[in-house]
Amino acid sequence: MMTKLSRSAAAAALALALAAAGCGNGADRRADESPKTADAHGAEEDAVILSAESMRLAGIGISEIGLESIGLAVEMPGEIGYNEERRIHITPRYAGVIREVHARLGDSVRQGYVLAVIESNASLTPYEIVAPIAGRVVEMHAALGEFVGEDRDLFVVADLSSVWANCDVFAEDLPHVRIGQRMTIAAVGSEDTVRGTVDYISPALNEQTRAAVVRATLPGSSVWRPGVFIRGTLRVPGGQPVAAVARDAVQLLGETQVIFIEGDEPGEFRPVPVETGRRDATMIELVEGPPPGTKYVSAGAFELKAQIVTRESGSHAGHGH
């Protein structure tokens with residue numbers, strides 16, 4: 001797959017090549033051709049015709065529609081959270097005045113470390129607030145000389161050696177999810193991924209999102225820290241082979257999904273409407289569309305779509321007021 005940078009460079013070079021071709025016979029030939037296919041709004045569009053050099057610049061790849069066993073990929077947005085079984089809210093045993101504070105926000109503390117000393121309001125004797133587990137101070141609400149009640153969270157200490165990857169799965173995908181299933185977790189905005197095992201599925205749907213929580217426990221690290229947005233993916237094995245194309249081959253023109261197939265002339269490509277079904281990491285099922293064996297554009301389809309969109313924009317601009 002082309003990167004965004006290489007795609008932009010190729011698209012710019014392709015536009016120059018097409019502009020040059022437009023000054024010769026290629027432009028006249030396209031102008032004289034009859035419409036090849038319907039666009040997203042029902043009107044018909046000409047095919048895109050590229051020279052061999054333009055095809056190279058666009059990264060055009062040709063494959064045949066084949067029969068593939070496509071597994072289902074359940075993709076779920078989510079966020080890394082604390083392991084709530086290892087995050088402790090520490091409150092005073094008795095109301096009183098804070099006389100000493102020994103920990104600060106972000107400190108690493110060992111089990112039994114004295115976090116603060118409070119003078120009891122009832123007995124006027126001091127007692128210690130200690131860390132019940134080893135971890136990091138992730139919240140702190142204690143100031144020297146402050147009066148605090150028994151319901152006050154003075155510190156929150158979290159063991160960050162493990163974290164929870166919490167993902168939202170919608171009701172229609174729940175039948176495909178089970179405890180013990182392997183899940184791939186990707187950090188949004190980076191290339192970091194990790195594999196985990198589903199160890200919890202919430203028994204009820206969230207009233208607002210109408211989604212259940214699917215969770216995997218991961219080792220904590222500088223990458224997998226609470227607050228990081230993630231995307232979880234579950235793979236469900238495929239069944240009977242079906243007609244399928246590369247995922248990048250399917251493009252959206254207006255509101256219609258299309259793929260590009262080879263035309264009658266060398267370098268000619270026509271968008272044809274398709275209806276898609278299941279998809280996995282690389283392939284997507286064609287519920288309706290050209291039959292297996294049809295040659296289609298499996299790489300570079302975005303550049304062909306861009307040529308049609310640019311052509312339509314130029315046509316509309318030429319008729320503006």
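Figure 1. The protein contains 4 helices and 26 strands, and the model shown here is a predicted one. Of its 321 residues, 38% count as buried, while the accessible surface of the protein comes to about 17,300 Å², with 52% of that area belonging to carbon and sulfur atoms. Among contacts between residues at least 6 apart in sequence, 69% join residues that are at least 24 apart.

**Figure 2. Confidence along the chain.** The pLDDT averages 85 over the protein, and 83% of the residues score at least 70. Over residues 1–44, however, the pLDDT is below 50, although this stretch has 57 contacts in the model beyond its near neighbours in sequence.

**Figure 3. A barrel closed by 6 strands.** Taken in the order β6-β15-β18-β17-β16-β19, 6 strands close into a barrel, and their pairing is antiparallel. Neighbouring strands of this sheet are turned against each other by 40 degrees on average, when direction is ignored. One of the pairings in view is that of strand β6, residues 72–82, with strand β19, residues 229–236, which is antiparallel and extends over 8 bridges. Within this pairing, M76 stands opposite G232 of β19.

**Figure 4. Strand β20 and its two partners in this view.** Strand β20, which spans residues 242–246, is mostly covered, since 5 of its 5 residues are buried. Strand β5, residues 66–68, runs antiparallel to β20 and is joined to it by 3 bridges, and here E68 stands opposite V242 of β20. Strand β25, residues 283–288, also pairs with β20 in the antiparallel sense, over 3 bridges, and in that pairing A246 stands opposite M283 of β25. As a guide to reading such views, side chains in a regular strand alternate between the two faces of the sheet.

Figure 5. G112 is found in the loop between β9, residues 108–109, and β10. When residues up to four places away in sequence are not counted, G112 touches V130 and A131. The view also takes in P132, which is 20 residues from G112 in sequence but 5.9 Å from G112 in space, taken from C-alpha to C-alpha.

**Figure 6. L124, a loop residue with positive phi.** L124 lies in the loop that links β10, residues 114–120, to β11, residues 126–130. Its phi is near 60 degrees, which is a positive value in a residue other than glycine.

**Figure 7. R210, a loop residue between β17 and β18.** The loop that holds R210 lies between β17, residues 193–201, and β18, residues 211–219, and both of these strands belong to the barrel. The phi of R210 is near 60 degrees, again a positive value in a residue other than glycine. R210 is partly exposed, with a relative accessible area of 46%, because that value falls between 20% and 50%.

Technical notes: Residues numbered from 1 in each chain as written. Predicted model: local features only at pLDDT ≥ 70, side-chain atom pairs only at ≥ 80, totals over all residues. Heavy atoms only, no water. Helix = DSSP H or I, 4+ residues; strand = E, 2+ residues; numbered from the N terminus. Buried < 20%, exposed > 50% of the residue type's maximum accessible area, 1.4 Å probe, protein only. Contact = heavy atoms within 4.5 Å. Areas by Shrake-Rupley, 256 points an atom, 1.4 Å probe, with all protein chains shown as cover. Pairing = 2+ DSSP bridges. pLDDT = per-residue confidence, 0-100. Axes fitted to C-alpha atoms, helices over the stretch in contact; angles between N-to-C directions.
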